[in-house]
Amino acid sequence: QVQLVESGGGVVQPGGSLRLSCAASGSIFRLFSMDWYRQAPGKQREMVATDTTDGSTKYADSVKGRFTISRDNAKNTVYLQMNSLKPEDTAVYYCNVEVSENWWSTTKHYWGQGTQVTVSS
């Protein structure tokens with residue numbers, strides 16, 4: 001079992017910045033992809049950013065140039081730096097981590113509890 005603890009959400013004005021963190025702990029043999037999703041009120045969940053094992057990243061068009069995903073494998077942590085925030089970024093943000101719990105195991109995905117980001121003047 002793996003646990004993900006998210007932090008860093010809050011309320012900011014348009015143009016402001018936040019950095020989200022997601023720390024994984026528990027039965028982790030190896031980390032693979034570490035991703036961020038969000039779900040705004042009345043909307044479906046969407047992928048915001050993905051960081052793969054080889055360090056490649058991809059972003060939703062709506063956040064390109066403003067958000068940056070990064071990871072620290074030594075700390076089993078993924079970050080999402082969010083700059084130039086817009087009201088449209090208001091959502092609950094969830095991290096999702098792909099891990100193997102044993103060398104012989106296939107990978108599993110685990111979700112964080114979610115952290116609220118509100119962008120409003």
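Modeller: Here is a tour of the sheet, its loops, the core and the disulfide.

Before we start, this is a predicted model, so to speak of local features we need pLDDT of at least 70, and side-chain atom pairs count only at pLDDT 80 or more, while totals for chains, interfaces and linings use all residues. Residues are numbered from 1 along each chain as its sequence is written, and side-chain values use heavy atoms, with hydrogens and water left out.

Okay, the sheet. It's an open one made of four strands, in the order β1-β3-β8-β7, with antiparallel pairing. Strands here are DSSP runs of E, at least two residues long, numbered from the N terminus, and two of them pair if DSSP finds at least two bridges between them. On the edges you'll find β1 (2–7) and β7 (67–72), each pairing on one side only.

Now zoom in on β7 and β8 (residues 77–82), which run antiparallel over six bridges. Across that pairing, I69 stands opposite L80 in β8. In the loop between β7 and β8 sits N76, and its phi is near 50°, a positive value in a residue other than glycine. N76 is partly exposed, with a relative accessible area of 22%; the scale calls under 20% buried, over 50% exposed and anything in between partly exposed, using a 1.4 Å probe and protein chains only. The loop between β8 and β9 (91–100) holds S84, another non-glycine residue with a positive phi near 50°. S84 is partly exposed too, at 40%.

Back to L80, which touches L18, R19, L20, W36, V48, A49, F67, T68, I69 and Y93, leaving aside residues up to four places away in sequence. Contact here means heavy atoms within 4.5 Å. L80 is also among the residues with the most contacts inside the largest nonpolar core, which has 29 residues. Such a core is a set of buried Ala, Val, Leu, Ile, Met, Phe, Trp, Tyr and Cys residues joined through side-chain atoms within 4.5 Å. Elements giving two or more residues to this core include β1, β7 and β8, but the largest share, five residues, comes from β9.

Finally, the structure holds one disulfide, meaning a pair of cysteine sulfur atoms within 2.5 Å. C22 and C95 form it, with their sulfur atoms 1.9 Å apart. C22 lies in strand β3 and C95 in strand β9, 73 residues apart, so the pair links distant parts of the chain. Both C22 and C95 are buried.
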